[in-house]
Amino acid sequence: MALKLVDIDDRLIHGQLASTWIPDFGIESVIIVDDKVASDPVQKSVAGLAVPKVKVSVFSVEKFIQVLKKTELKKVTMVLFTNPIDALAMRENGLEFSYLNVSGMRFNEERTRLHKNMSVTPEERDAFEKLIAMGVECWMQTTTRDSKISVSQLLADGEI
């Protein structure tokens, strides 16, 4: 499998991803796994505009589970989620990864802020804890130029 990077960023593909993560990891294909994006024709159509030389695909969680059963990733691939709940579902259903990066989970009224670039709901916190218990290293790093912070530590420290 050519899976190079698994990332959570609820902003999807944007300047920081396009200018650091994708070139620094030599990404040739980005797979966005998100039910809302997969069901929104406008979001699907603009998903790859920031990275014109990279193949961008959008799947619902269930559809990507089915795709993985039949297809092997061949290009250097980044799988991009908007939340850890979907990442956990994919990990439990065949997407093998041992490292998960969080580059952005924005604050809203449902989320508790753990870092200026990472906020979680109770369900998202639970998903991170399950991923960590499965042996997945989870780190918060906004760009490849920023220092990494352990998600375990952010969860332990609590609200800022």
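**Contacts, ring geometry and pockets in the predicted model**

Beyond the neighbours within four places in sequence, Ser119 is in contact with Met105, Arg106, Phe107, Arg111, Thr112, Arg113, Leu114 and Glu124. Ser119 forms part of strand β7, which covers residues 118-120. The relative accessible area of Ser119 is 1%, and this residue is therefore classed as buried. One of the contacts of Ser119, Arg111, is also among the residues closest to the centre of the largest pocket.

Aromatic geometry was examined next. A pair of aromatic rings is described by the distance of the centres and the angle of the planes. Two aromatic pairs were found in a search of the whole structure. In the pair formed by Phe59 and Phe64, the ring centres lie 5.5 Å apart and the planes meet at 25°, so the arrangement is stacked, the limit for this class being under 30 degrees. Phe64 has a relative accessibility of 0% and counts as buried. Phe59, with a relative accessible area of 19%, is likewise buried, because the class extends to values under 20%.

Charged side chains were also located over aromatic faces. Lys148 is placed over the face of Trp139, at 4.8 Å from the ring centre. Arg91 lies over the face of Phe97, with a distance of 5.9 Å to the ring centre.

The greatest contribution comes from α2, with three residues. By class, the lining of the largest pocket contains nine charged, five polar and three nonpolar residues.

For the second largest pocket, the volume is about 190 Å³. A set of 13 residues lines this pocket, and Ser29, Ile31, Lys55, Thr71 and Leu73 are nearest its centre. At least two lining residues are supplied by each of β2 (29-33), β3 (55-59) and α4 (61-70). Strand β3 gives the most, with three residues. The lining of the second largest pocket divides into five nonpolar, four polar and four charged residues.

Methods:
Residues numbered from 1 in each chain as written. Predicted model: local features only at pLDDT ≥ 70, side-chain atom pairs only at ≥ 80, totals over all residues. Heavy atoms only, no water. Phe/Tyr/Trp six-rings, centres within 6.5 Å; stacked < 30°, edge-to-face > 60°. Buried < 20%, exposed > 50% of the residue type's maximum accessible area, 1.4 Å probe, protein only. Lys NZ or Arg CZ within 6 Å of the ring centre and 35° of its normal. Helix = DSSP H or I, 4+ residues; strand = E, 2+ residues; numbered from the N terminus. Contact = heavy atoms within 4.5 Å. 1 Å grid on protein atoms, 1.4 Å probe; cavity = no way out; pocket = protein on both sides within 12 Å on 5 of 7 lines; lining within 4 Å. Nonpolar A, V, L, I, M, F, W, Y, C, P; charged D, E, K, R; others polar. Points joined across faces, edges and corners; volume = space filled by probe spheres on them.
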